[in-house]
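Trainee: Could you help me learn to read a protein model, one feature at a time?
Mentor: Gladly, let us look at it together.

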Amino acid sequence: MKSILISLLVPFRLSKNGLELWMQTRGEDGPLNGLLEFPGGKIEAGESFREAAIREFEEETGAKVGKVDSFKNYSHEYPDRSVKLFVFLSQMPQTCELDEDGWRRIDF
């Protein structure tokens, strides 16, 4: 069975609106096109999970990331593959290089 390792980074900020997460719109040919996602991708040879999350974030957004903390790992088994997600968090400053339209307020 094929095993796929993916690292992703969840950018967040605390603003006057409360907790906000930054997401991008997925662009692909397929059923996930147009859905929101966090920046991330496959881990390259010789890369740590953290390094992959930072690289993918910077490649996909063009923004620099500061402190990165490990959050949680998830695994899911499909009939033809096993997917493991390595999730990291990074608190972004109020003014940063990310597109303002990507911020989503989280209501509890």
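**Strands, bridges and a pocket**

Mentor: Strand β1 pairs with strand β2 (residues 18-22) in the antiparallel sense, over 4 bridges. Two strands pair if DSSP finds at least two bridges between them. Helices (H or I, at least four residues) and strands (E, at least two) are DSSP runs, numbered from the N terminus. This is a predicted model, where local features need pLDDT of at least 70, side-chain atom pairs count only at pLDDT 80 or more, and totals for chains, interfaces and linings use all residues. Residues are numbered from 1 along each chain as its sequence is written, and side-chain values use heavy atoms, with hydrogens and water left out.

Trainee: How many residues are in the hairpin that joins β1 to β2?

Mentor: The hairpin runs through 2 residues. Across this pairing, leucine 14 stands opposite leucine 19 in β2. Strand β2 is also joined to strand β8 (residues 103-105) by 3 bridges, and these two run antiparallel. There, leucine 21 stands opposite arginine 104 in β8.

Trainee: How do I read a salt bridge, and how many does a search of the whole structure find?

Mentor: A salt bridge is a side-chain nitrogen of Lys or Arg within 4 Å of a carboxyl oxygen of Asp or Glu. The search finds 12 salt bridges. In one of them, glutamate 28 meets arginine 26, with the closest N and O atoms 2.7 Å apart.

Trainee: Are glutamate 59 and arginine 55 buried or exposed?

Mentor: Buried means under 20% relative accessible area, exposed over 50%, and partly exposed in between (1.4 Å probe, protein chains only). Glutamate 59 has a relative accessible area of 54%, so it is exposed, while arginine 55 has 15% and is therefore buried. The two form a salt bridge, the closest N and O atoms being 3.3 Å apart. Both lie in helix α1 (residues 49-61), 4 residues apart, about one turn of the helix. Salt bridges that share partners join Glu44, Glu47, Arg55, Glu56 and Glu59 into one network. Within it, arginine 55 also bridges glutamate 56, with the closest N and O atoms 3.1 Å apart.

Trainee: What about aromatic rings: how many pairs does the count come to?

Mentor: Rings of Phe, Tyr and Trp (its six-membered ring) pair if their centres lie within 6.5 Å; planes under 30 degrees apart count as stacked, over 60 as edge-to-face and the rest as tilted. The count here comes to 1 aromatic pair. The rings of phenylalanine 49 and phenylalanine 86 have centres 3.7 Å apart and planes at 5°, so the pair is stacked. Phenylalanine 49 lies in helix α1 and phenylalanine 86 in strand β7 (residues 81-91), so the pair ties together parts that are 37 residues apart in sequence.

Trainee: And what volume does the largest pocket have?

Mentor: Rolling a probe the size of a water molecule over the atoms shows where empty space is left. On a 1 Å grid over the protein atoms alone, where a 1.4 Å probe is used, a pocket is an open set of points with protein on both sides within 12 Å along at least five of seven lines; lining residues have an atom within 4 Å of a point. The largest pocket has a volume of about 330 Å³. Of its 16 lining residues, the closest to the centre are Ile6, Leu8, Arg26, Glu37 and Phe38. Strand β5 gives the most to this lining, with 3 residues.

Note on methods: Grid points are joined across faces, edges and corners, and a volume is the space filled by probe spheres set on the points.
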